[in-house]
Amino acid sequence: MLYVDMDLPQGALLPDPGASENPGGIVFDATGLVFAAEAVTGWRDLSGMRLARPASPNEGHARQENLGAQPVLRLRDGVNCGFVLEELALQAPRFSVAVMFASPMGRASTLMTLNPREGRNYLFLSEADGAVELKFRDGVAGLTRPTAHSEGRFTLVCASVEGGKMKLAVNGETPGGLAVPSGLEAGFHDLFIGCRSDRAGIKKTLGEAQIARLWIWPGEDVFAGETYGKLTALWQKEAAYGL
């Protein structure tokens with residue numbers, strides 16, 4: 001980094017060339033995994049301001065691997081490798097998430113859970129039988145889309161919820177929508193990555209996947225404005241394992 005202690009003309013101030021491509025949000029990239037004595041002890045977001053701790057049943061199970069040239073968080077089938085970001089505040093009942101991941105078997109199971117501090121009707125994003133599902137715990141139905149993983153490339157899944165209205169899209173497609181009777185509420189939530197809660201839980205909710213990056217947008221709709229287009233463009237640019 002070069003610092004110049006003088007006033008410069010406006011034309012000399014060049015913007016970050018990647019700024020126009022930045023979809024924003026809180027970003028957990030696999031390069032942000034924190035280690036102590038070779039064990040993963042936390043996951044820091046790219047801003048360095050937030051630290052997700054290992055979920056209580058994750059007793060050193062998490063691993064950082066490389067998929068091609070891309071660092072990833074490895075989720076293991078039937079083993080809790082998850083993390084939790086505590087007390088995420090939603091000022092409005094609106095939330096979005098995006099995950100760039102690989103799942104050769106099409107059964108990543110739980111990718112993300114938004115668990116309210118008050119109440120039990122958590123929201124989760126999961127994959128089984130080659131399809132992702134966005135659903136509330138107490139919901140009678142969920143919103144599903146096929147994933148169709150391609151060898152050598154990551155899959156991008158994007159989802160948004162506003163109250164009981166959900167939207168879900170895979171790999172830049174037009175999002176599908178669904179309205180459900182009960183939905184998201186404002187307040188404090190715990191965000192779990194790769195698991196459902198701090199309880200040991202049912203092993204079938206813990207699948208096999210490699211997560212390269214996860215974005216969250218508290219209070220925002222990823223499909224509104226330019227965010228979804230920027231996110232899709234970034235995925236198309238970076239999705240190859242070898243990049």
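Tutor: Start with S126, which has its place in strand β10, residues 123-128. A strand is a DSSP run of E with at least two residues, a helix is a run of H or I with at least four, and numbering goes from the N terminus. This is a predicted model, in which local features need pLDDT of at least 70 and side-chain atom pairs count only at pLDDT 80 or more, while totals for chains, interfaces and linings use all residues. Residues are numbered from 1 along each chain as its sequence is written, and side-chain values use heavy atoms, with hydrogens and water left out.

Student: Why is S126 called buried?

Tutor: Buried means under 20% relative accessible area, exposed means over 50%, and partly exposed lies in between (1.4 Å probe, protein chains only). S126 has a relative accessible area of 8%, so it falls under the 20% limit.

Student: What makes a residue count as touching S126?

Tutor: Contact means heavy atoms within 4.5 Å. Leaving out residues up to four places away in sequence, S126 touches S109, T110, L111, A131, V132, E133 and R196.

Student: Why is G194 called buried?

Tutor: Its relative accessible area is 5%, which is also under the 20% cut-off. G194 has its place in the loop between β16 and β17. From S126 it is 68 residues away in sequence and 9.0 Å away in space, C-alpha to C-alpha. Beyond four places in sequence, the residues that G194 touches include T110 and L111.

Student: How do you know which charged ends sit over rings, R196 being one of them?

Tutor: The rule asks that NZ of Lys or CZ of Arg be within 6 Å of the ring centre and within 35 degrees of the ring normal. The charged end of R196 is 3.9 Å from the centre of the ring of F124 and sits over it. For R153 and the ring of W235 the distance is 5.9 Å, which is still within 6 Å.

Student: How many aromatic pairs are there, and what makes two rings a pair?

Tutor: There are five. One of them joins F154 and Y241, with ring centres 4.8 Å apart and planes at 65°. Rings of Phe, Tyr and Trp (its six-membered ring) pair if their centres lie within 6.5 Å; planes under 30 degrees apart are stacked, over 60 edge-to-face, and the rest tilted. The angle of 65° is over 60, so the pair of F154 and Y241 is edge-to-face.

Student: What parts of the chain does that pair link?

Tutor: Distant ones: F154 is in the loop between β12 (143-146) and β13 (155-162), and Y241 is in the segment after α1 (227-238), 87 residues apart. Both F154 and Y241 are buried.

Student: Why is the pair of F223 and Y228 given its ring label?

Tutor: Its centres are 4.8 Å apart and its planes at 70°, so this pair is edge-to-face. F223 is buried at 14% relative accessible area, and Y228 is buried at 12%. Elsewhere, ring pairs link F28, W43 and F83 into a cluster.

Student: What makes the nine strands a sheet?

Tutor: Two strands pair if DSSP finds at least two bridges between them. In general, strands of a sheet pair through backbone hydrogen bonds, either parallel or antiparallel. Here the open sheet runs β2-β3-β4-β7-β16-β9-β10-β11-β12, with antiparallel pairing.

Student: Why are β2 and β12 called edge strands?

Tutor: Each of them pairs on one side only. The twist averages 25° from one strand to the next, with axes being lines fitted to C-alpha atoms (for helices over the stretch in contact) and angles running from 0 to 180 degrees between N-to-C directions.
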